[in-house]
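Hi,

Here is the structure I promised to pass on.

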Amino acid sequence: MNFFRITLTRSAIGLPRRTTDVLKSLGLKKRMGTVFHPVSQDIAGKIMRVKELVEVREIHLERKPDPGYYVEKRSTAEFLEQRGQ
Amino acid sequence: MFKPSSPLFGGLLWKTPWRISSPQKARQRKRLRAVDQVVDTVSAALARQGQSTKSINRWYDEMPREQEMLPKDKYTIFDKKERRYRKSIHKLPKWTRVSQRVNPPGF
């Protein structure tokens, strides 16, 4: 699943009320705040309303928490794996 | 120290320079490119899912990119009250945060 990484780089102070409301609905409150949203048409439309104020990147990987364990391997296999990377 | 000058002394006298400076122009180009880039990113992300949005399609149909714009359109805007119908873009309220790229038909 792909995500938009949206950062508010310009504040909406002094801009029309609806601009602020769009930012609020995206979850952006302060400048340099970052939010993640799945790539979808409604999020794209919201970004288009505030395109002058934000910086957008597409994130391909789903963020996963650290599993808290690791699987032991033979040292040869581990070495070759690291070499391959 | 108070230094008497017309803007400080004369109450409501705000001075906006007639010309836009070259660093201001450079920053304006940078902002135009930044907006282009946001639209491209969003459009590419949607296209990867086989989707599109009306607002993005309209933007691509109607708005020129920074590289395609004439200097006249980058740094000045139409104003019916102005001589020769053009004024510098930094007279536009909130000009660093609005997209102003095209002219009315015939201008």
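First, some housekeeping. This is a predicted model, so local features need pLDDT of at least 70 and side-chain atom pairs count only at pLDDT 80 or more, while totals for chains, interfaces and linings use all residues. Residues are numbered from 1 along each chain as its sequence is written, with chains lettered from A and ligands numbered from 1 in the order in which they are written.

Let's start with the sheet. Chain A has an open sheet of 3 strands in the order 2-1-3, with antiparallel pairing. Strands here are DSSP runs of E with at least two residues, helices are runs of H or I with at least four, and both are numbered from the N terminus; two strands pair if DSSP finds at least two bridges between them. Strand 2 (34-38) and strand 3 of chain A each have a single partner strand, so they stand at the edges with one side left without a neighbour in the sheet. From one strand to the next, the twist averages 25° (axes are lines fitted to C-alpha atoms, for helices over the stretch in contact, and angles run from 0 to 180 degrees between N-to-C directions). Strand 1 and strand 2 of chain A are joined by 5 bridges, and Phe4(A) stands opposite His37(A) in strand 2 of chain A.

Two helices pack here. Helix 2 of chain A lies across strand 1, strand 2 and strand 3 of chain A, at about 20° to strand 1 of chain A. Helix 2 of chain B also packs on the sheet, touching strand 1 and strand 3 of chain A (contact means C-beta atoms, placed from the backbone, within 7 Å).

How do the axes of helix 2 of chain A and helix 2 of chain B cross? They come within 11 Å and cross at roughly 175°, so the two helices are roughly antiparallel (that label is for angles over 145 degrees). Gln41(A), Ala44(A), Ile47(A) and Met48(A) make the contact from chain A, and Val38(B), Val42(B) and Leu46(B) from chain B.

Now the core. The largest nonpolar core has 21 residues, and Phe4(A), Ile6(A), Ile47(A), Val54(A), Val56(A) and Val42(B) touch the most other members. Such a core is a set of buried Ala, Val, Leu, Ile, Met, Phe, Trp, Tyr and Cys residues joined through C-beta atoms within 7 Å. Helix 2 of chain B gives the most to this core, with 5 residues.

Is Leu32(B) buried or exposed? Leu32(B), in helix 2 of chain B, has 21 C-beta neighbours inside 10 Å, so it counts as buried. Val98(B), in the segment after strand 2 (86-88) of chain B, has 11 and therefore counts as exposed (buried needs 20 or more other C-beta atoms within 10 Å, exposed 12 or fewer, partly exposed is in between, with C-beta atoms placed from the backbone).

Cheers

Note on methods:
Angles under 35 degrees count as roughly parallel, over 145 as roughly antiparallel, 65 to 115 as roughly perpendicular and the rest as oblique.
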